[in-house]
Amino acid sequence: MGNRRTFILQVLGAAAAAATPGWAKAFVHPLDEPAMRNRLAARSTLLAVTGAGQRMVAVGYRGLVVYSDDEGRTWTQASVPVSTDLVAVTFATDKLGWAVGHGGVVLHTTDGGAKWVKQFDGRQAAQVAVETFERRLAEGPAIERLLAEERSFVDGGGTQPFLGLYFENERVGYVVGTFNRIFRTEDGGSTWVPWMDRTDNPDGLHFNAIAGRGGNVYLAGEQGMVWRLDAASGRFVRAPTGYSGTLFGLLPISSTTVLAYGMRGSVYRSTDAGAAWQRTAMSSLAGVTNGALLPDGAVVLVTQAGGMEISRDHGRSFTPLKPKTPMSYYGVFPGPAGQLILAGAEGMRSETVR
(Lines give C-alpha, C1' and ligand atoms only; values in the text may rest on other atoms or scores of the structure.)
Protein backbone atom coordinates (compact mmCIF):
# COMPACT_ATOMS: atom_id res chain seq x y z
CA MET A 1 0.00 0.00 0.00
CA GLY A 2 2.83 2.37 0.90
CA ASN A 3 4.61 1.76 -2.39
CA ARG A 4 1.42 2.33 -4.38
CA ARG A 5 0.74 5.59 -2.54
CA THR A 6 4.32 6.78 -3.18
CA PHE A 7 3.98 5.91 -6.87
CA ILE A 8 0.69 7.83 -7.17
CA LEU A 9 2.16 10.89 -5.48
CA GLN A 10 5.17 10.77 -7.81
CA VAL A 11 2.92 10.57 -10.88
CA LEU A 12 0.73 13.42 -9.66
CA GLY A 13 3.76 15.55 -8.86
CA ALA A 14 5.25 14.97 -12.30
CA ALA A 15 1.94 15.82 -13.96
CA ALA A 16 1.60 19.02 -11.94
CA ALA A 17 5.14 20.05 -12.84
CA ALA A 18 4.48 19.41 -16.51
CA ALA A 19 1.28 21.47 -16.38
CA THR A 20 2.91 24.39 -14.53
CA PRO A 21 3.86 27.33 -16.77
CA GLY A 22 7.58 28.05 -16.99
CA TRP A 23 7.24 31.42 -15.29
CA ALA A 24 5.68 29.81 -12.21
CA LYS A 25 8.36 27.17 -11.63
CA ALA A 26 10.86 29.46 -9.92
CA PHE A 27 10.04 32.78 -8.33
CA VAL A 28 12.53 35.55 -9.01
CA HIS A 29 12.28 38.54 -6.69
CA PRO A 30 11.59 41.83 -8.52
CA LEU A 31 14.79 43.17 -6.93
CA ASP A 32 16.69 40.54 -8.92
CA GLU A 33 14.71 40.61 -12.17
CA PRO A 34 15.54 43.22 -14.85
CA ALA A 35 12.72 45.42 -16.12
CA MET A 36 11.02 44.03 -19.19
CA ARG A 37 11.29 45.84 -22.49
CA ASN A 38 8.08 47.71 -23.28
CA ARG A 39 7.40 49.28 -26.67
CA LEU A 40 4.71 51.42 -25.01
CA ALA A 41 7.00 52.55 -22.18
CA ALA A 42 6.25 56.26 -22.58
CA ARG A 43 2.51 55.54 -22.44
CA SER A 44 2.69 53.41 -19.31
CA THR A 45 2.19 54.63 -15.75
CA LEU A 46 5.09 56.87 -14.73
CA LEU A 47 5.38 58.31 -11.24
CA ALA A 48 8.13 60.94 -11.30
CA VAL A 49 10.12 63.04 -13.77
CA THR A 50 13.20 65.22 -13.47
CA GLY A 51 15.96 66.79 -15.51
CA ALA A 52 19.51 65.59 -16.17
CA GLY A 53 21.07 68.55 -17.92
CA GLN A 54 19.12 68.90 -21.16
CA ARG A 55 17.72 65.40 -20.82
CA MET A 56 14.40 64.47 -19.15
CA VAL A 57 14.20 61.23 -17.13
CA ALA A 58 11.04 59.58 -15.77
CA VAL A 59 10.47 56.48 -13.61
CA GLY A 60 7.47 54.30 -12.90
CA TYR A 61 5.90 50.90 -12.43
CA ARG A 62 7.85 47.62 -12.70
CA GLY A 63 11.27 49.24 -13.02
CA LEU A 64 10.29 51.39 -15.96
CA VAL A 65 12.67 54.28 -16.76
CA VAL A 66 12.42 56.42 -19.88
CA TYR A 67 14.45 59.40 -21.07
CA SER A 68 14.09 62.09 -23.71
CA ASP A 69 16.73 64.17 -25.47
CA ASP A 70 14.29 66.17 -27.61
CA GLU A 71 12.33 68.12 -24.99
CA GLY A 72 9.83 65.34 -24.38
CA ARG A 73 8.74 64.65 -27.96
CA THR A 74 10.12 61.09 -27.99
CA TRP A 75 11.20 58.77 -25.20
CA THR A 76 13.65 55.85 -24.97
CA GLN A 77 13.46 53.06 -22.41
CA ALA A 78 16.52 52.74 -20.18
CA SER A 79 18.29 49.59 -19.05
CA VAL A 80 17.23 48.81 -15.46
CA PRO A 81 18.30 45.80 -13.36
CA VAL A 82 15.11 45.55 -11.25
CA SER A 83 11.38 45.25 -11.89
CA THR A 84 10.15 46.87 -8.69
CA ASP A 85 8.07 50.05 -8.85
CA LEU A 86 10.21 53.20 -8.91
CA VAL A 87 8.65 56.27 -7.31
CA ALA A 88 11.26 59.06 -7.19
CA VAL A 89 14.30 60.18 -9.17
CA THR A 90 16.90 62.94 -8.90
CA PHE A 91 20.18 64.04 -10.48
CA ALA A 92 23.11 65.80 -8.83
CA THR A 93 24.79 66.48 -12.20
CA ASP A 94 23.78 65.91 -15.80
CA LYS A 95 25.28 62.40 -15.57
CA LEU A 96 24.98 61.28 -11.93
CA GLY A 97 21.50 60.30 -10.78
CA TRP A 98 19.61 58.11 -8.34
CA ALA A 99 16.14 56.54 -8.21
CA VAL A 100 14.30 54.77 -5.37
CA GLY A 101 11.25 52.61 -4.96
CA HIS A 102 9.62 49.49 -3.63
CA GLY A 103 11.75 46.77 -2.14
CA GLY A 104 13.93 49.50 -0.67
CA VAL A 105 15.82 49.75 -3.94
CA VAL A 106 18.30 52.51 -4.72
CA LEU A 107 19.43 52.70 -8.34
CA HIS A 108 22.35 54.75 -9.66
CA THR A 109 23.30 56.00 -13.11
CA THR A 110 26.52 57.59 -14.34
CA ASP A 111 25.43 58.27 -17.93
CA GLY A 112 22.40 60.52 -17.49
CA GLY A 113 19.84 57.77 -17.02
CA ALA A 114 20.37 55.48 -20.02
CA LYS A 115 21.76 52.63 -17.91
CA TRP A 116 21.19 51.99 -14.21
CA VAL A 117 22.78 49.73 -11.60
CA LYS A 118 21.42 48.60 -8.25
CA GLN A 119 23.37 50.37 -5.53
CA PHE A 120 21.37 49.36 -2.44
CA ASP A 121 18.16 47.53 -1.58
CA GLY A 122 15.88 46.88 1.38
CA ARG A 123 17.55 43.61 2.30
CA GLN A 124 20.92 45.32 2.57
CA ALA A 125 19.38 48.32 4.33
CA ALA A 126 17.84 46.19 7.07
CA GLN A 127 21.09 44.29 7.57
CA VAL A 128 23.18 47.47 7.69
CA ALA A 129 20.78 48.95 10.24
CA VAL A 130 20.91 45.83 12.42
CA GLU A 131 24.70 45.76 12.39
CA THR A 132 24.90 49.49 13.14
CA PHE A 133 22.50 49.41 16.06
CA GLU A 134 24.05 46.22 17.49
CA ARG A 135 27.34 48.10 17.79
CA ARG A 136 25.54 50.93 19.58
CA LEU A 137 23.43 48.96 22.05
CA ALA A 138 25.22 50.48 25.03
CA GLU A 139 23.64 53.85 24.16
CA GLY A 140 20.37 52.83 25.74
CA PRO A 141 16.67 51.97 25.22
CA ALA A 142 16.13 54.09 22.09
CA ILE A 143 18.77 52.11 20.19
CA GLU A 144 17.39 48.84 21.58
CA ARG A 145 13.96 49.73 20.20
CA LEU A 146 15.37 50.59 16.77
CA LEU A 147 17.37 47.37 16.71
CA ALA A 148 14.25 45.33 17.50
CA GLU A 149 12.38 47.03 14.66
CA GLU A 150 15.17 46.41 12.17
CA ARG A 151 15.46 42.76 13.19
CA SER A 152 11.75 42.40 12.51
CA PHE A 153 12.29 43.90 9.04
CA VAL A 154 15.05 41.36 8.37
CA ASP A 155 12.74 38.54 9.49
CA GLY A 156 10.05 39.90 7.17
CA GLY A 157 12.31 39.92 4.13
CA GLY A 158 13.80 43.37 4.58
CA THR A 159 12.06 45.08 1.69
CA GLN A 160 10.48 48.21 3.19
CA PRO A 161 10.08 50.76 0.36
CA PHE A 162 11.98 53.98 -0.07
CA LEU A 163 9.59 56.74 -1.17
CA GLY A 164 11.80 59.80 -1.54
CA LEU A 165 15.38 60.94 -1.99
CA TYR A 166 17.44 64.11 -1.96
CA PHE A 167 21.08 64.75 -2.88
CA GLU A 168 22.81 67.93 -1.75
CA ASN A 169 25.61 67.23 -4.24
CA GLU A 170 27.15 64.25 -6.00
CA ARG A 171 28.33 62.72 -2.73
CA VAL A 172 25.92 63.64 0.09
CA GLY A 173 22.36 62.38 -0.09
CA TYR A 174 19.42 60.81 1.73
CA VAL A 175 16.78 58.16 1.02
CA VAL A 176 13.59 57.92 3.11
CA GLY A 177 10.56 55.67 3.39
CA THR A 178 8.07 53.90 5.58
CA PHE A 179 8.27 53.47 9.36
CA ASN A 180 10.74 56.30 10.05
CA ARG A 181 13.39 54.85 7.75
CA ILE A 182 16.10 57.22 6.59
CA PHE A 183 19.64 56.53 5.39
CA ARG A 184 22.42 58.99 4.54
CA THR A 185 25.42 58.64 2.25
CA GLU A 186 28.56 60.74 2.06
CA ASP A 187 30.19 58.85 -0.81
CA GLY A 188 27.62 59.00 -3.59
CA GLY A 189 25.76 55.92 -2.41
CA SER A 190 28.64 53.45 -2.13
CA THR A 191 27.79 53.16 1.57
CA TRP A 192 24.72 54.17 3.57
CA VAL A 193 24.31 54.96 7.27
CA PRO A 194 20.97 54.61 9.11
CA TRP A 195 19.67 57.87 10.59
CA MET A 196 16.52 56.53 12.24
CA ASP A 197 17.86 57.66 15.61
CA ARG A 198 18.20 61.23 14.31
CA THR A 199 14.50 61.95 13.79
CA ASP A 200 11.94 63.29 16.26
CA ASN A 201 9.47 60.63 15.16
CA PRO A 202 8.63 58.40 18.16
CA ASP A 203 5.50 57.01 16.49
CA GLY A 204 7.41 55.76 13.46
CA LEU A 205 5.38 57.77 10.95
CA HIS A 206 6.09 57.18 7.27
CA PHE A 207 8.33 59.62 5.41
CA ASN A 208 6.89 60.25 1.95
CA ALA A 209 9.30 62.90 0.72
CA ILE A 210 12.55 64.73 1.40
CA ALA A 211 13.72 67.97 -0.22
CA GLY A 212 16.18 70.75 0.38
CA ARG A 213 17.34 74.17 -0.74
CA GLY A 214 19.74 76.79 0.53
CA GLY A 215 21.11 74.58 3.27
CA ASN A 216 17.71 73.60 4.69
CA VAL A 217 16.50 69.99 4.38
CA TYR A 218 12.92 68.90 5.10
CA LEU A 219 10.96 65.66 5.48
CA ALA A 220 7.20 65.26 4.98
CA GLY A 221 4.90 62.41 5.88
CA GLU A 222 1.85 61.26 7.77
CA GLN A 223 -0.36 63.31 10.09
CA GLY A 224 0.55 66.60 8.41
CA MET A 225 4.04 66.36 9.80
CA VAL A 226 7.14 68.09 8.46
CA TRP A 227 10.59 67.72 9.95
CA ARG A 228 13.52 70.11 9.41
CA LEU A 229 17.18 69.18 9.72
CA ASP A 230 18.70 71.12 12.61
CA ALA A 231 22.35 71.71 11.71
CA ALA A 232 23.45 72.21 15.31
CA SER A 233 22.12 68.89 16.61
CA GLY A 234 22.26 66.90 13.36
CA ARG A 235 18.66 65.83 13.93
CA PHE A 236 15.41 66.18 12.03
CA VAL A 237 13.17 68.15 14.40
CA ARG A 238 9.40 68.40 14.17
CA ALA A 239 7.88 71.31 12.24
CA PRO A 240 4.14 70.42 12.23
CA THR A 241 1.87 72.14 9.72
CA GLY A 242 -1.28 71.76 11.84
CA TYR A 243 -2.84 69.45 9.24
CA SER A 244 -3.91 65.95 10.31
CA GLY A 245 -3.80 64.19 6.94
CA THR A 246 -0.99 62.76 4.84
CA LEU A 247 1.50 64.99 3.06
CA PHE A 248 2.86 63.62 -0.22
CA GLY A 249 5.62 66.08 -1.02
CA LEU A 250 7.63 69.25 -0.56
CA LEU A 251 8.65 72.09 -2.84
CA PRO A 252 11.32 74.49 -1.56
CA ILE A 253 10.89 77.83 -3.35
CA SER A 254 13.79 79.67 -1.72
CA SER A 255 16.22 79.11 1.13
CA THR A 256 13.43 79.85 3.64
CA THR A 257 10.13 79.45 1.73
CA VAL A 258 8.77 75.93 1.27
CA LEU A 259 5.45 74.33 0.33
CA ALA A 260 4.15 71.06 1.76
CA TYR A 261 1.27 69.38 -0.10
CA GLY A 262 -0.89 66.27 0.11
CA MET A 263 -4.36 64.83 0.49
CA ARG A 264 -7.62 66.68 -0.18
CA GLY A 265 -6.05 69.69 -1.88
CA SER A 266 -3.97 70.46 1.18
CA VAL A 267 -1.14 72.96 0.60
CA TYR A 268 0.79 74.60 3.43
CA ARG A 269 3.36 77.39 3.07
CA SER A 270 6.18 78.46 5.36
CA THR A 271 8.39 81.50 4.86
CA ASP A 272 10.64 80.85 7.86
CA ALA A 273 12.08 77.42 7.07
CA GLY A 274 9.20 75.53 8.67
CA ALA A 275 8.85 77.40 11.96
CA ALA A 276 5.27 78.45 11.09
CA TRP A 277 2.82 77.37 8.39
CA GLN A 278 -0.23 78.89 6.67
CA ARG A 279 -2.72 76.99 4.53
CA THR A 280 -2.96 78.03 0.88
CA ALA A 281 -6.35 77.62 -0.82
CA MET A 282 -6.68 75.38 -3.89
CA SER A 283 -9.62 75.21 -6.29
CA SER A 284 -10.35 71.51 -5.64
CA LEU A 285 -10.00 68.85 -2.96
CA ALA A 286 -8.03 66.48 -5.19
CA GLY A 287 -4.80 65.17 -3.73
CA VAL A 288 -1.79 67.28 -4.73
CA THR A 289 0.90 64.88 -5.91
CA ASN A 290 3.79 67.00 -7.18
CA GLY A 291 5.03 70.50 -7.89
CA ALA A 292 7.62 72.42 -9.87
CA LEU A 293 9.33 75.78 -9.65
CA LEU A 294 9.44 77.35 -13.11
CA PRO A 295 12.36 79.44 -14.44
CA ASP A 296 10.32 82.67 -14.14
CA GLY A 297 9.60 81.98 -10.45
CA ALA A 298 6.05 80.68 -10.93
CA VAL A 299 4.99 77.56 -9.03
CA VAL A 300 2.89 74.77 -10.57
CA LEU A 301 1.15 72.03 -8.59
CA VAL A 302 -0.55 68.97 -10.12
CA THR A 303 -3.20 66.60 -8.76
CA GLN A 304 -4.44 63.03 -8.93
CA ALA A 305 -7.61 64.28 -10.61
CA GLY A 306 -5.76 65.79 -13.57
CA GLY A 307 -5.77 69.32 -12.21
CA MET A 308 -3.00 71.88 -12.60
CA GLU A 309 -2.72 75.11 -10.63
CA ILE A 310 -0.24 77.97 -10.88
CA SER A 311 1.00 80.58 -8.43
CA ARG A 312 2.82 83.76 -9.43
CA ASP A 313 3.19 85.07 -5.88
CA HIS A 314 5.53 82.43 -4.42
CA GLY A 315 2.77 80.08 -3.34
CA ARG A 316 0.48 82.55 -1.53
CA SER A 317 -2.37 81.85 -3.95
CA PHE A 318 -3.10 79.54 -6.88
CA THR A 319 -5.30 79.67 -9.96
CA PRO A 320 -6.30 76.65 -12.06
CA LEU A 321 -4.87 75.90 -15.49
CA LYS A 322 -6.71 73.95 -18.18
CA PRO A 323 -4.62 71.09 -19.58
CA LYS A 324 -5.38 69.94 -23.11
CA THR A 325 -5.43 66.24 -22.26
CA PRO A 326 -5.69 65.74 -18.47
CA MET A 327 -4.83 62.52 -16.67
CA SER A 328 -3.91 61.57 -13.12
CA TYR A 329 -0.65 63.46 -12.63
CA TYR A 330 2.17 62.14 -10.43
CA GLY A 331 5.16 64.18 -11.58
CA VAL A 332 5.91 67.54 -13.19
CA PHE A 333 9.09 69.25 -14.34
CA PRO A 334 9.66 72.52 -16.21
CA GLY A 335 10.38 72.04 -19.88
CA PRO A 336 11.56 74.57 -22.48
CA ALA A 337 9.77 77.78 -23.41
CA GLY A 338 6.83 77.62 -21.02
CA GLN A 339 6.32 73.88 -21.34
CA LEU A 340 5.56 71.45 -18.53
CA ILE A 341 6.74 67.86 -18.77
CA LEU A 342 4.22 65.66 -16.97
CA ALA A 343 4.32 62.04 -15.77
CA GLY A 344 1.12 60.24 -14.92
CA ALA A 345 -1.27 57.35 -15.22
CA GLU A 346 -1.16 57.45 -19.03
CA GLY A 347 2.55 58.06 -19.44
CA MET A 348 4.35 61.22 -20.49
CA ARG A 349 2.64 64.43 -21.62
CA SER A 350 3.61 68.05 -22.20
CA GLU A 351 1.48 71.12 -21.63
CA THR A 352 2.00 74.81 -22.29
CA VAL A 353 1.68 77.23 -19.38
CA ARG A 354 -0.68 80.01 -20.43
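Student: Is the crossing of α3 and α4 left-handed or right-handed?
Tutor: This is a predicted model: local features need pLDDT of at least 70, side-chain atom pairs count only at pLDDT 80 or more, and totals for chains, interfaces and linings use all residues. Residues are numbered from 1 along each chain as its sequence is written, and side-chain values use heavy atoms, without hydrogens and water. Helices (DSSP runs of H or I, at least four residues) and strands (E, at least two) are numbered from the N terminus. A crossing is left-handed if the near helix is turned anticlockwise from the far one by less than a right angle, and right-handed if clockwise; for α3 and α4 it is left-handed.

Student: How are α3 and α4 oriented to each other?
Tutor: Their axes come within 9 Å and cross at roughly 150°. Axes are lines fitted to C-alpha atoms, for helices over the stretch in contact, with angles from 0 to 180 degrees between N-to-C directions. Angles under 35 degrees count as roughly parallel, over 145 as roughly antiparallel, 65 to 115 as roughly perpendicular and the rest as oblique. The two helices are therefore roughly antiparallel.

Student: Which residues does Leu137 touch, beyond those up to four places away in sequence?
Tutor: Leu137 sits in the loop between α3 and α4. The C-alpha atoms of Leu137 and Leu147 are separated by 8.2 Å, though 10 residues apart along the chain. Contact means heavy atoms within 4.5 Å. On that count, Leu137 touches Ile143, Glu144 and Leu147.

Student: Is Leu137 buried or partly exposed?
Tutor: Buried means under 20% relative accessible area, exposed over 50%, partly exposed in between (1.4 Å probe, protein chains only). Leu137 has a relative accessible area of 34%, so the class is partly exposed.

Student: What is the phi of Phe179?
Tutor: Phe179 is in the loop between β10 (173-177) and β11 (182-185). Most residues other than glycine have a negative phi. Phe179 is not a glycine, yet its phi is positive, near 55°.

Student: What is the relative accessible area of Gln223?
Tutor: Gln223 lies in the loop between β14 (216-221) and β15 (226-230). Its phi is also positive, about 55°, although it is not a glycine. Gln223 is partly exposed, with a relative accessible area of 46%.

Student: How far apart in space are Asp230 and Ala292, C-alpha to C-alpha?
Tutor: Asp230 belongs to strand β15. Asp230 touches Arg235 and Val237, leaving aside residues up to four places away in sequence. Asp230 and Ala292 are 62 residues apart in sequence, and their C-alpha distance is 25 Å.
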